[in-house]
Amino acid sequence: MSVNYGYKRLTTGAHYGGRDWIAQRVTAALIVLFTLVLLLSVLFTSGPISYDTWAGIFAPQWMKFLTLITILALAWHAWIGVRDIWMDYVKPTGIRLALHVFTIVWLLGCAGWAIQVLWRV
């Protein structure tokens with residue numbers, strides 16, 4: 001006889017809900033921090049905002065580092081959210097696996113492109 005409560009509770013699934021919940025909050029906080037830093041940088045910039053102004057905002061090494069961390073956090077945040085959507089709503093295993101692979105490739109491509117753009121500035 002199986003017991004489904006208390007100390008001997010039987011569970012199923014992948015067992016990463018709590019870890020992903022925390023990851024979503026931490027990555028969201030990093031994205032908010034980056035947004036605030038960028039917004040303040042733009043607000044306290046004098047004159048018209050041109051390409052040179054944007055390049056100047058992203059030129060310091062600390063801003064490049066913060067942007068890099070934010071790009072990685074955004075990719076991880078998006079992966080967790082989209083993966084959960086695929087797991088919840090796409091029942092055929094083959095289609096779900098294909099969507100997971102497509103999502104990973106797409107997110108890695110977007111992150112790689114964003115990093116390439118960042119380090120050109």
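1. The side chains of aspartate 20 and arginine 83 meet in a salt bridge, with N and O 2.3 Å apart. A salt bridge here is a side-chain nitrogen of Lys or Arg within 4 Å of a carboxyl oxygen of Asp or Glu. Aspartate 20 belongs to helix H1 (residues 17–43) and arginine 83 to helix H3 (residues 61–89), so the pair ties together parts that are 63 residues apart in sequence. Helices (H or I, at least four residues) and strands (E, at least two) are DSSP runs, numbered from the N terminus.

2. A word on the source. This is a predicted model, in which local features need pLDDT of at least 70 and side-chain atom pairs count only at pLDDT 80 or more, while totals for chains, interfaces and linings use all residues. Residues are numbered from 1 along each chain as its sequence is written, and side-chain values use heavy atoms, with hydrogens and water left out.

3. Buried means under 20% relative accessible area, exposed means over 50%, and partly exposed is in between (1.4 Å probe, protein chains only). Arginine 83 has a relative accessibility of 10% and therefore counts as buried.

4. How many salt bridges are there? The count comes to two. Aspartate 84 also forms a salt bridge with arginine 83, and the closest N and O atoms are 3.0 Å apart. Through shared partners, the salt bridges join Asp20, Arg83 and Asp84 into one network. Aspartate 84 is partly exposed, at a relative accessible area of 28%.

5. The overall layout is next. The protein chain has four helices and zero strands, and its elements run α-α-α-α from the N terminus on. Of its 121 residues, 23% count as buried. Contact means heavy atoms within 4.5 Å. Among contacts in the protein chain with a separation of 6 or more, 65% are between residues 24 or more positions apart.

6. Which residues make up the largest nonpolar core? There are 10 residues in all: Phe34, Leu38, Ile57, Phe58, Met63, Leu66, Ile71, Ala75, Ala111 and Leu118. H1, helix H2 (51–58), H3 and helix H4 (93–120) each supply at least two residues of this core. H3 gives the most, with four residues. A nonpolar core is a set of buried Ala, Val, Leu, Ile, Met, Phe, Trp, Tyr and Cys residues joined through side-chain atoms within 4.5 Å.

7. Phenylalanine 34 is in contact with Phe58, Met63, Leu66, Thr67 and Thr70, leaving aside its neighbours within four places in sequence. Threonine 70 lies in helix H3 and is buried, at 8% relative accessible area. With its neighbours within four places again left aside, threonine 70 is in contact with Leu30, Ile31 and Phe34.

8. In helix H2, the buried residues are Thr53, Ala55, Ile57 and Phe58. The buried residues of H2 pack against H1, H3 and H4.

9. The structure holds two aromatic pairs. Tryptophan 54 and phenylalanine 58 form a stacked pair, 6.2 Å centre to centre with 20° between the planes. Rings of Phe, Tyr and Trp (its six-membered ring) pair if their centres lie within 6.5 Å; planes under 30 degrees apart count as stacked, over 60 as edge-to-face and the rest as tilted. Both residues lie in helix H2, four residues apart, about one turn of the helix. Tryptophan 54 is partly exposed at 36% relative accessibility, whereas phenylalanine 58 is buried at 15% relative accessible area.

10. Phenylalanine 102 and tryptophan 106 form an aromatic pair that is also stacked, 6.3 Å centre to centre and 20° between the planes. Both lie in helix H4, four residues apart, about one turn of the helix. Phenylalanine 102 counts as exposed at 53% relative accessibility, and tryptophan 106 counts as exposed at 54%.

11. Finally, the surface. The accessible surface of the protein chain comes to about 8,900 Å², and 72% of this belongs to carbon and sulfur atoms. Accessible areas come from the Shrake-Rupley method with a 1.4 Å probe; for residues, only the protein chains shown count as cover.
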